[in-house]
Amino acid sequence: MSAIKQLETFVSVVNLGSLSAAARQEDVVPAIVGRRLDALENRLGVKLLVRTTRSISLTQEGSAFYEDCLRILGDLAEAESAVASGNARARGHLRLSAPAGFGRRHVAPHVASFLRQHPDIRITLDLSDRLTDLVRDRIDCAIRISDLADSSLIAVRLAENRRVVVAAPAYLAQRGTPKVLADLEQHDCLSLGESQSRGWTFKVGGELVNLKVRGALECNDGAVLHDWALQGLGLTWRSMWEVKDDITEGRLVTVLDRFSSPDYPVYAVVAQRKFLPGRVRLFIEHLREVYATPGYWD
């Protein structure tokens with residue numbers, strides 16, 4: 001019995017919710033579907049489904065294996081389609097991750113145009129400021145804003161980015177404008193919780209300096225820090241993509257510009273380059289093209 005046929009039957013049973021429905025779809029008797037499932041579980045040595053006369057449910061192992069099967073069968077269909085038609089029509093499930101604020105502004109808005117070009121792809125977008133583990137969390141591609149100096153991941157540079165220290169004019173009028181880094185000790189600094197446990201990074205005489213800052217407020221959500229800064233509650237260290245409009249409109253003012261931090265580029269990262277599915281490669285190229293559009297970041 002074909003191993004691929006076993007996988008297809010397993011996915012069909014899960015999708016349709018019963019052996020009889022899967023059998024009708026394949027135009028076979030339910031007993032054949034049952035034998036395929038038995039053979040698959042025996043070959044793997046693990047229980048994938050809990051089957052009763054009224055229902056089926058996935059075991060924990062079955063749930064993880066189901067996601068793998070979707071990916072494998074999607075990749076196989078994509079490869080066969082490319083060979084048969086002479087061009088690669090991407091398909092399958094694309095799992096993406098991005099920082100919450102950046103993802104809302106600069107990833108999610110571009111999903112629709114991508115799907116119009118590739119209608120056979122379905123996308124799950126996880127927006128979170130926590131650092132996702134691509135393998136553990138089963139993420140195909142993550143958008144990261146970092147120097148990635150110590151990363152073992154495969155990274156594709158998508159865009160430039162700079163971080164600046166900003167505050168509302170009202171805060172600076174009340175507390176004064178810091179002129180040197182030591183002045184930060186006298187200010188309320190709004191920090192991104194554990195994500196900035198190393199401190200804020202500045203360039204001093206060509207060297208990078210990580211400076212610990214303190215304040216009465218911190219949060220693990222960058223959008224909240226942004227709002228607090230607009231309310232005049234302190235200084236915060238934010239990316240230009242987030243605060244550029246506020247600076248242009250005068251709602252926020254940059255300080256300590258001569259100690260400007262190094263670039264923190266925007267990257268697309270994947271766990272491995274070999275056997276990278278076409279849908280992942282195409283989405284990365286889609287973002288690169290969008291971000292390279294003249295005036296996009298202005």
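**Entry 1: a charge over two rings**

I began with R163, which lies over the face of W237, 4.9 Å from the ring centre. I counted a charge as over a ring if NZ of Lys or CZ of Arg is within 6 Å of the ring centre and within 35 degrees of the ring normal. The charged end of R163 also sits over the ring of Y264, 4.4 Å from its centre.

A note to myself on the source: this is a predicted model, where local features need pLDDT of at least 70, side-chain atom pairs count only at pLDDT 80 or more, and totals for chains, interfaces and linings use all residues. Residues are numbered from 1 along each chain as its sequence is written, and side-chain values use heavy atoms, with hydrogens and water left out.

**Entry 2: the sheet**

Next I looked up the open sheet, whose four strands run in the order β8-β11-β7-β12 with mixed pairing. Strands (E, at least two residues) and helices (H or I, at least four) are DSSP runs numbered from the N terminus, and two strands pair if DSSP finds at least two bridges between them. At the edges I found β8 (189-190) and β12 (253-255), each pairing on one side only. β8 pairs with β11 (residues 235-239) in the parallel sense, over two bridges. C189 has L235 in β11 as its bridge partner.

Helix α9 (residues 240-249) packs on this sheet and touches β7 (163-167), β11 and β12; contact means heavy atoms within 4.5 Å.

**Entry 3: aromatic pairs**

How many aromatic pairs does the structure hold? I noted eight aromatic pairs. Rings of Phe, Tyr and Trp (its six-membered ring) pair if their centres lie within 6.5 Å; planes under 30 degrees apart count as stacked, over 60 as edge-to-face and the rest as tilted.

F102 and W241 form an edge-to-face pair, 5.1 Å centre to centre with 80° between the planes. This pair links distant parts of the chain, as F102 is in helix α5 (residues 100-106) and W241 in helix α9, 139 residues apart. F102 is buried at 0% relative accessible area, and W241 counts as buried at 14%; buried means under 20%, exposed over 50%, and partly exposed in between (1.4 Å probe, protein chains only).

Back at W237 and Y264, the ring centres are 5.7 Å apart and the planes at 90°, so this pair is edge-to-face. W237 is in strand β11 and Y264 in the loop between β12 and β13 (266-270), 27 residues apart. W237 is buried at 3%, and Y264 is buried at 8%.

Definitions and conventions: Axes fitted to C-alpha atoms, helices over the stretch in contact; angles between N-to-C directions.
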